[in-house]
Amino acid sequence: MVLKDVLTKEAKTAFMLGNEAIVRGALEADVKMVAFYPGAPTSEVLDTFSAALDEFDYQMEITSNEKVALEVCAGAAFSGVRSLTAMKSVGTNVASDILFVLGYTGVRGGLVIVMADDPHAHSSQSEEDGRFFAPNAYIPMLEPASPQEAKDMTKKAFEISERHRVPVIVRTVTRVNHQSGIVDLLEFNRKDFKKVKWNQLGEKYVTLGEVARQKKLKMLERTKALSEEFETSEFNLVAHADSDIGVITSSVSYLHVLEALKILGLQNKINILKLGTTYPLPKKLISNFIKKLKKVIVVEELSPYLEKEIYVLSKDINPNLTIFGKLSKTFSEAWEYNPDIVATGIALATGSKKPNYQTIILKAKELKNDLPDRYPTFCAGCPHRATFVALNQALKIQVSKGQNHYFANDIGCYSMWIYPPISHSDSSLCMGAGVGVANGLSHVIEERVVAISGDSTFFHAGIPALINAVHNGNKFTLFILDNSVTAMTGQQFNPSTEFIAGGRKGKKVLIENICKAIGVEFVEVVDSYDVKNNIEIFRRALDFDGLSVVISRRECALYGDRVKRRKGEPIVPFYVDKTLCKRPYVCLRTFYCPAYELDNDKQPMISRELCDGCSVCSKLCPLHSVKRVEVKK
Amino acid sequence: MSLNVFICGVGGQGLVLLTRVIGDACANSGKKIVTGEMYGLSQRSGAVSVHMRIGDDVFSPLIPIGQADIMIALEAMESLRYIEYLKKDGIILMNNRIMHPPIETSKIIDSKNKLEYFSLDQVITRLKKWTSNIAIVDALKLARESGNVRTENTVFLGCLSALKIFPVEEKYVKQSITDAVPKKTVDMNLKAFELGRKNAYDSLCTQVACREKT
Ligand SMILES: Cc1ncc(C[n+]2csc(CCOP(=O)(O)OP(=O)(O)O)c2C)c(N)n1
């Protein structure tokens with residue numbers, strides 16, 4: 001298995017996920033401090049480091065948000081210790097305050113920041129192009145295309161970081177993090193962890209006003225030196241061909257380009273420049289590449305980051321160059337690329353024959369007519385479903401009594417409330433913004449604002465917004481769905497869990513204590529599965545003339561199942577007693593549980609394989625026809 | 001030479017493990033492999049897919065449209081969702097199991113005009129317009145026979161291993177199954193593998209080239 005490959009002391013080849021290759025690279029580079037807040041597509045970096053913790057001597061934290069993670073790593077790096085963090089693109093927004101400062105102060109020990117963009121917003125609220133952080137913060141950036149490169153660049157990034165005393169960004173995209181391939185592993189050369197004597201280092205990390213102005217000049221010099229160094233980096237590849245056409249590309253787009261050239265029969269017939277160091281750019285290398293070309297095709301996902309630089313460089317070196325990219329409308333700034341999109345673009349630019357995908361897609365569309373969608377939904381046993389069933393009932397009663405609502409959802413598994421068949425939510429934005437916008441809304445709308453947060457989201461960015469509400473006397477109701485873990489990204493531990501990185505014992509932080517300590521006057525804690533009683537409590541919270549907080553608590557079903565399996569406890573499913581069921585479909589209409597299907601008589605039926613045994617549906621059935629399967633003793 | 005396998009199913013069906021096992025077997029037998037994996041969010045029940053590419057002249061982690069030699073569908077309806085990736089006359093290894101999403105059920109109970117579930121027959125009829133090389137596998141039954149209902153994914157590994165165009169020798173696949181699954185379930189997984197293999201010989205090898213039976 002792969003963890004074994006991440007841990008193995010021998011040099012060998014292994015099949016690895018991009019994220020695992022990053023971990024292996026950092027371990028080969030003797031990383032000593034790692035800290036993360038989870039976020040797809042980087043979560044497996046955290047998970048792998050956590051699983052491997054007992055085998056190594058690095059320090060690890062699963063932090064409350066990305067800014068804290070980067071600060072943890074900065075603290076270690078100030079002391080000369082190699083450290084690494086990984087975050088999704090939108091996580092970098094949260095961490096950016098400290099990121100920009102680190103550009104000024106620099107570091108002593110290697111500090112590597114893996115930043116993963118998510119073209120296509122597969123698992124994000126936006127398609128952000130994080131590359132612009134690098135020039136903006138004057139922080140060097142490397143971009144791998146494959147798991148092998150992800151490993152090599154991570155390792156090299158530590159060296160660059162220490163040589164130039166600056167953090168280094170390794171920027172990936174989903175198709176690199178979640179790409180697996182064959183990776184060459186090298187031997188470990190790790191030294192024992194030892195605490196540093198800070199006073200002996202003679203280091204200082206301050207920046208403000210005049211100090212900042214001086215540091216800015218140093219930062220510019222540093223960037224110049226990096227730019228020189230990157231001119232000859234092994235991560236920039238040039239493939240020459242007998243042609244006046246060239247492709248400039250980076251990241252996974254490079255692999256799509258190779259595939260596309262094969263599809264078009266243009267292999268080895270076009271020049272290729274693949275850039276691995278994308279800030280600062282190796283401008284001489286690029287200039288030399290475009291000097292004699294008639295056409296250059298720039299293949300990069302999201303914004304025209306490379307393309308605009310190429311326009312600038314071509315102005316002096318080759319003003320007649322025709323540049324094909326996003327500005328020429330050869331490619332789109334939207335969504336992720338694949339071999340088909342890239343082949344179509346290159347065909348357009350080179351005047352080659354386009355592959356005929358349209359016929360295939362049209363025929364496929366015919367076959368897919370009426371195929372049911374499969375939206376992500378709450379898992380069987382998910383406590384959020386139970387909370388929302390009670391909340392829906394409570395809201396309905398409130399509406400009948402004249403109280404209407406704004407529903408401010410947030411980012412977590414509970415976001416799935418926005419998908420059909422439920423499709424309920426007035427807003428779902430970014431982490432913690434549910435409580436945040438509730439503040440503003442409560443001043444200006446007539447309806448009662450209902451805000452949602454998860455435990456992880458509350459710790460991440462919800463607390464300042466709630467303190468703001470208390471201080472300003474804002475009136476709304478916040479439901480905190482405390483399922484003990486950060487579920488959506490793979491059930492990582494958070495301050496609401498009694499465990500920390502590596503499954504070691506930690507201290508659980510109680511959300512109700514925070515709420516009470518900051519002065520929230522209405523705080524109730526309920527069991528999410530107790531739907532019937534919760535309806536009344538939720539209504540009281542909604543009627544409360546002030547700020548009310550309800551903490552709905554029950555651990556994530558997937559996490560709970562894992563704990564049960566480890567302890568050898570059975571998961572006992574339920575079934576529908578056909579002799580009692582009269583098909584009012586209350587279960588199906590209110591519950592939308594994936595364990596439910598209709599049988600041939602259109603009678604509800606529970607799949608034994610999928611049922612989690614949570615019992616919630618059995619308590620809601622008006623005919624008491626949902627029963628627990630008898631287990632033979 | 002290269003081989004493209006498109007794998008799809010529903011979250012929780014073990015696509016990650018299936019991919020791992022084949023990947024490890026390739027690594028151990030000196031074959032090049034690259035995969036692009038899309039697991040969606042970490043909830044169960046969403047659509048998941050893996051692009052798998054074995055061979056020396058593949059580059060992108062994504063299979064170009066119309067170039068998959070084989071499609072493995074751990075859930076029947078999912079085969080249609082990604083059908084554009086399969087070559088004309090490509091091979092489909094498909095579970096006969098359909099997992100109806102809640103949205104489909106809710107439309108049926110709310111409909112006045114007697115909507116029915118999307119059926120296995122409908123899936124097969126449509127797939128036949130694309131290819132005739134379809135093996136329908138009762139993977140849940142075979143998994144139960146193996147002693148562990150969670151081995152549906154391993155049943156498909158068995159099916160795949162029977163095919164001549166699958167370039168990895170059986171012994172490597174079995175070895176990586178042994179390495180990858182929990183210790184207690186190794187025997188059941190190996191049994192599921194054999195049952196899957198046998199199933200392929202019975203249902204598919206009459207139409208497409210298979211390896212020598214061992
Ligand atoms: C700034 C930022 N970091 C990370 C993420 C990734 N992310 C999406 S949902 C989520 C977890 C939310 O956890 P919680 O609020 O406890 O809800 P749960 O999924 O457990 O229901 C995370 C970390 C994100 N969207 N934005």
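**Entry 1: helices α16 and α20 of chain A**

I looked up how helix α16(A) passes helix α20(A), and I noted a right-handed crossing. By the convention used, a crossing is right-handed if the near helix is turned clockwise from the far one by less than a right angle, and left-handed if anticlockwise. The model is a predicted one, in which local features need pLDDT of at least 70 and side-chain atom pairs count only at pLDDT 80 or more, while totals for chains, interfaces and linings use all residues. Residues are numbered from 1 along each chain as its sequence is written, chains are lettered from A and ligands numbered from 1 in the order in which they are written, and side-chain values use heavy atoms, with hydrogens and water left out.

I recorded that the axes of α16(A), residues 383–400, and α20(A), residues 531–543, come within 8 Å and cross at roughly 50°. That makes α16(A) oblique to α20(A). Angles under 35 degrees count as roughly parallel, over 145 as roughly antiparallel, 65 to 115 as roughly perpendicular and the rest as oblique. Axes are lines fitted to C-alpha atoms, for helices over the stretch in contact, and angles run from 0 to 180 degrees between N-to-C directions. Helices (H or I, at least four residues) and strands (E, at least two) are DSSP runs numbered from the N terminus.

I then listed the contact, meaning heavy atoms within 4.5 Å. From α16(A) the contributors include A386(A), V389(A), L391(A) and Q398(A), and from α20(A) they include V531(A), I535(A), F538(A) and R539(A). By class, this contact of α16(A) with α20(A) has 11 nonpolar, four polar and two charged residues. Here Ala, Val, Leu, Ile, Met, Phe, Trp, Tyr, Cys and Pro count as nonpolar, Asp, Glu, Lys and Arg as charged, and the others, Gly among them, as polar.

**Entry 2: helices α18 and α19 of chain A**

I turned to α18(A), residues 455–472, and α19(A), residues 511–518, which pack at an angle of about 15° with their axes 10 Å apart. That makes α18(A) roughly parallel to α19(A). I noted that the crossing of α18(A) and α19(A) is right-handed.

By class, the contact of α18(A) with α19(A) has 10 nonpolar, no polar and one charged residues.

**Entry 3: a sheet across both chains**

I traced an open sheet of eight strands in the order β1(A)-β8(A)-β2(B)-β3(B)-β1(B)-β4(B)-β5(B)-β6(B), with mixed pairing. The edges are held by β1 (13–17) of chain A and β6 (134–137) of chain B, each with a single partner strand, so one side of each is left without a neighbour in the sheet. From one strand to the next the twist averages 20°.

Two strands pair if DSSP finds at least two bridges between them. I noted that β1(B), residues 2–10, and β4(B), residues 68–73, pair in the parallel sense over four bridges. V5(B) stands opposite I70(B) in β4(B).

I also looked up G55(B), which lies in strand β3 (residues 47–55) of chain B. G55(B) is buried, with a relative accessible area of 10%. Buried means under 20% relative accessible area, exposed over 50%, and partly exposed in between (1.4 Å probe, protein chains only). Not counting residues up to four places away in sequence, G55(B) touches M1(B), S2(B) and K32(B).

**Entry 4: strand β10 of chain A**

Is β10(A), residues 245–250, mostly covered or mostly uncovered? I found it mostly covered, with six of its six residues buried. I245(A), V247(A) and T249(A) point one way from β10(A), and G246(A), I248(A) and S250(A) point the other way.

β10(A) pairs in the parallel sense with β13(A), residues 295–299, over five bridges. The bridge partner of G246(A) in β13(A) is V296(A). β10(A) also pairs in the parallel sense with β11(A), residues 271–275, over five bridges. The bridge partner of V247(A) in β11(A) is I272(A).

**Entry 5: backbone details in loops of chain A**

I noted a cis peptide bond from A40(A) to P41(A), with omega near 5°. P41(A) is in the loop between β2 (33–36) and α3 (43–52) of chain A. Another cis peptide bond joins Y279(A) and P280(A), with omega about -15°.

R165(A), a residue other than glycine, has a positive phi near 55°. R165(A) is partly exposed, with a relative accessible area of 34%.
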